Amino acid sequence: MSLYINSTLIGASVQDDGRPGLQRYGVTSGGAVDKLALAQGRVLLNDEGNTAALEFSAVGGKFKVQTSSFFVFTGAEALLKLNGNLIPQGQVFGANVGDEIEIGSISKGFYSYLHVAGGFLSTAHLGSRSANVQVGLGTALENGNILPYKRTLHRDLMCLKLNDYFNSNKIRVVSGPQTNLFPEKVLQRFFSTEYKVSPMRNRMGVKLDFNGENFYTDAGLSVLSDAIELGDIQIDGEGTPTVLLNDRQPTGGYPRISTIISADLHKFAQKSVNSKFNFVMVTLKEAIKALEELTEQLRNLRSQVDSLQRDPHNISNLLNYSLVGGAIRGDEFDES
Amino acid sequence: MNFNKNKMVFPHITSIGDSGLIVMFGEKFSIELNQKALALDFEFNKVLPDGVLETIPTLVSLMVRFDPLTVSYHFLKDYMEALLESDLNIEISGGRSFVIPAVYGGKEGPELDEVADLMQIRPDQVISGHSESQQHVMMLGFSAGCSYCGLLPPIWDIPRGKKINPSVPGGSLLIALRQTVFPASNMPTGWRRIGQSPCLTFDLGKDPNFLLKPGDEIRFEQISSAKAQSISHDKLWETLER
């Protein structure tokens, strides 16, 4: 009842909703960086609750199916093949024992998710299957490891049109407790500067490149360690910004100039290395409105899911659907 | 853009992100401000308003994370202001008391002599001074279960080291700025290591997983290296609370 990892994996880990509530003990929540892509997979596979998916960054991997089940691939764009046949992202497919799933390098966006019916069942620590190997929660995934999941669960071959949110050039932020430690001129420059996502990035944080003077603050040098929020933009001792993500440290003493709004976190995290953008300051009210819209979008996912079994005349891109790859033998669900 | 440059009045309440609120008790550290933050955390947690997800007390502040679609920042700000107007009892912050064994000096505390030099006292005085001090767990941070303990008497106000040690083991007793940092797993540090406890305060196999909470009191008790090796970590947790 598992998937066998048949290649080296870099920057891949099992992730669910994470473990909120433990930051007071020094543990940040972790969890899937792109909540939208995680939710899409759950809706497509008709899974309720905190199921876990396999999160990839930048590169993909190869897997051998050891128990037939149903899968779907969401998030950043990469080629997905089942036994060499292309399958579109957002399309549920069945795979049989011995089948090979291959995920290519990510071509647009940064984080992709492979979901299995019922979710991956790697060991939960502190109430979550989300791995954060650096702090001793979960283990690194290696060639030859297996990723367990439930015995075959039947799923319909649903599909969902995935929209492209991978290259937002405006990332919205709100001010925070240390915003005012920066001189007015530095703040003005911070919001007029164009940034580039640097290759120095992981689930802890994303360092930003930019042209021009660094963002110094004398007042910020004596900040006492306090709690770091998801999406905080930290200005380090050299005056360069780093956006802190799901696996960030729980506390820090570098000043944070502002915080990315909840509704834009997944859009920011999905930006490719070297992609450019600006930060835009919004009010708390605007941030909440954007979060309401995202929540509404997540709520509406279920009504947007389509069944593949419909009149082929109405499917304009029929050839993009892997009709054959979705077929199964028919005896997979027998109890024996 | 209009940034408010008014001088802060403490306690100061402001938003952090769109799902957080932070109460700051001051700009400089003091044990009194730390106790106020912990007392507020204790009071606030007695009856959590709907929509509150977690509270995170740190050195001189308390952060509250909430679902802004369930409860508004402005509601919580008013709620906090009302709590702050009531007299917070800093004596009753839910703290427990622990005595934690530790080996001082030798290979377990390679920078003991350096700390003694900086404090201009003898190494044995460093050991007795440290092990006789009752310390507060002021916050947990940096990594899982890593406790910031203090404050030690003013003579312990020594700076952090200039060079970073890439990895010290969990259970290290790390000293600077009148504080003991007591990590539960390997960490890089610029703080000086004067000892080592066989006790790791974060254990995935235990329930609860974390031995210490902010607001607890601890005292370290000197034991020999040989004794530390004979201590079973599994049994240790049950015997520490006094």
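Analyst: A definition comes first: helix axes are lines fitted to C-alpha atoms over the stretch in contact, and angles run from 0 to 180 degrees between N-to-C directions. This is a predicted model, in which local features need pLDDT of at least 70 and side-chain atom pairs count only at pLDDT 80 or more, while totals for chains, interfaces and linings use all residues. Residues are numbered from 1 along each chain as its sequence is written, and chains are lettered from A and ligands numbered from 1 in the order in which they are written.

User: Are the axes of α1(A) and α4(A) roughly parallel or roughly perpendicular?

Analyst: Helices here are DSSP runs of H or I with at least four residues, and strands are runs of E with at least two, numbered from the N terminus. The axes of α1(A) and α4 (residues 284–304) of chain A come within 10 Å and cross at roughly 30°. Angles under 35 degrees count as roughly parallel, over 145 as roughly antiparallel, 65 to 115 as roughly perpendicular and the rest as oblique. The crossing angle therefore makes α1(A) and α4(A) roughly parallel.

User: Which element gives the most to the side of domain 1 of chain A that touches domain 2 of chain A?

Analyst: By an automatic or database domain assignment, chain A is divided into domain 1 (2–161 + 305–320) and domain 2 (170–292). In the contact between them, 18 residues of domain 1 meet twelve residues of domain 2. On the domain 1 side, α1 (35–44) and β10 (108–116) of chain A each supply at least two residues. The element that gives the most, with four residues, is β10(A).

User: How many residues does β3(B) give to the side of chain B that touches chain A?

Analyst: In this interface, 40 residues of chain B are in contact with 39 residues of chain A. Elements giving two or more residues to the chain B side include β3 (52–57) and β6 (135–140) of chain B. The largest share comes from β3(B), namely five residues.

How values were computed:
Two residues are in contact if their C-beta atoms, placed from the backbone, lie within 7 Å.
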